[in-house]
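Dear colleague,

Here is the structure you will be working with.

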Amino acid sequence: MGLMSNKKGIIFGVSNKRGIGYAIAKQLFNEGADIAFTYAGETMKSRVLPCAEEMNSKLIMNCDVTNDDDIASVVHEFKRVYGTCDFIIHAVAFANREDLEGDFSNVSREGWQTAMDVSAYSFVAIANKFKPLLNPKASLIALTYLGGERSVPNYNVMGVAKAALEASVRYLALEFGHSEVRVNAISAGPVKTLAAKGISGFDILLKVNAARSPMKRNVTLDEVGKAGLYLCSDLSSGVTGEVHHVDCGYHSIATSKEDAKIIGISA
Ligand code: NAP
């Protein structure tokens, strides 16, 4: 019996085998979970299909998370195939490329709304529509990044969206907690994925994180996946409303020896 035996759920935002969504899905599948997958548009279908088929998925559906009808269709089909739901993973984010570089204050109203809609509101909408299907002790997880708590060059409007997402996690945890449904976020350190390529200077972010973090390296996809398993399974039964950092400790430091070197002081 695996940690996720007899549990069925859905993941939004698997892009390919190098994404965080896939890394979490794989850990859940290895522990016996039954997972439904969604993709955003036909181009992504061909990328998501091999991941979903590898995990013997019974449901693979199109879902643009900015479209309420798409979300409603997914809920309808999920209910038809599985009846009830034990976990939801939200690994979706998007901002216009021009809003992920340069001056933050240049963001347009449309760019702000797009980032917020795809990256934060969609988690709330999905939670709301799946509410009637959620079993007691179900677990909802969103993916976030430190740029939602602190300023990070170029992360810009996505940082604002992640801050909204993290606040939403706390409000959903409050709303859903009475039926033992838990809502948490994983704040992953930088990982080179499809979405990450859209962030200007991402390679520098990777190098800085590895140099300054207490563990002196970047987090691996497997490590983020295992954190997903912990938060999805009963191992974390007392944890909700939490932003769990999986970033080799980078979030916990203020200064490091490397900072001293930069300004020419030996620490
Ligand atoms: P990824 O594999 O590219 O995943 C992002 C996913 O979001 C893609 O599957 C993408 O599909 C989907 N998406 C975008 N717009 C959508 C829409 N309107 N409807 C439905 N899906 C949509 O990149 P990732 O880095 O693993 O990202 C997964 C999550 O982890 C995101 O929330 C991200 O912010 C978070 N995260 C990433 C890092 C990192 O360093 N990579 C660190 C911390 C947190 P399309 O490609 O079809 O648009």
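This is a predicted model: local features need pLDDT of at least 70, side-chain atom pairs count only at pLDDT 80 or more; totals for chains, interfaces and linings use all residues.

Residues are numbered from 1 along each chain as its sequence is written, and side-chain values use heavy atoms, without hydrogens and water.

Isoleucine 263 sits in the segment after α8 (257–262); helices are DSSP runs of H or I with at least four residues, strands runs of E with at least two, numbered from the N terminus.

The ligand is surrounded by 28 residues, each with a heavy atom within 4 Å of it. Lysine 162 places a side-chain N or O atom 2.8 Å from a ligand oxygen, and for threonine 193 the corresponding distance to a ligand oxygen is 2.5 Å. The protein buries 88% of the 880 Å² that the ligand exposes when taken alone (Shrake-Rupley method, 1.4 Å probe).

The whole structure holds eight salt bridges (side-chain nitrogen of Lys or Arg within 4 Å of a carboxyl oxygen of Asp or Glu). One of them joins glutamate 54 and lysine 17 at 2.7 Å. Glutamate 54 belongs to helix α2 (residues 42–54) and lysine 17 to the loop between β1 (8–12) and α1 (20–30), so the pair ties together parts 37 residues apart in sequence. Glutamate 54 is partly exposed at 33%, as is lysine 17 at 44%.

Regards

Methods
A polar contact is a pair of N or O atoms within 3.5 Å; within protein, one must be able to donate a hydrogen and the other to accept it, and residues adjacent in sequence count only if both atoms are side-chain atoms. Buried means under 20% relative accessible area, exposed over 50%, partly exposed in between (1.4 Å probe, protein chains only).
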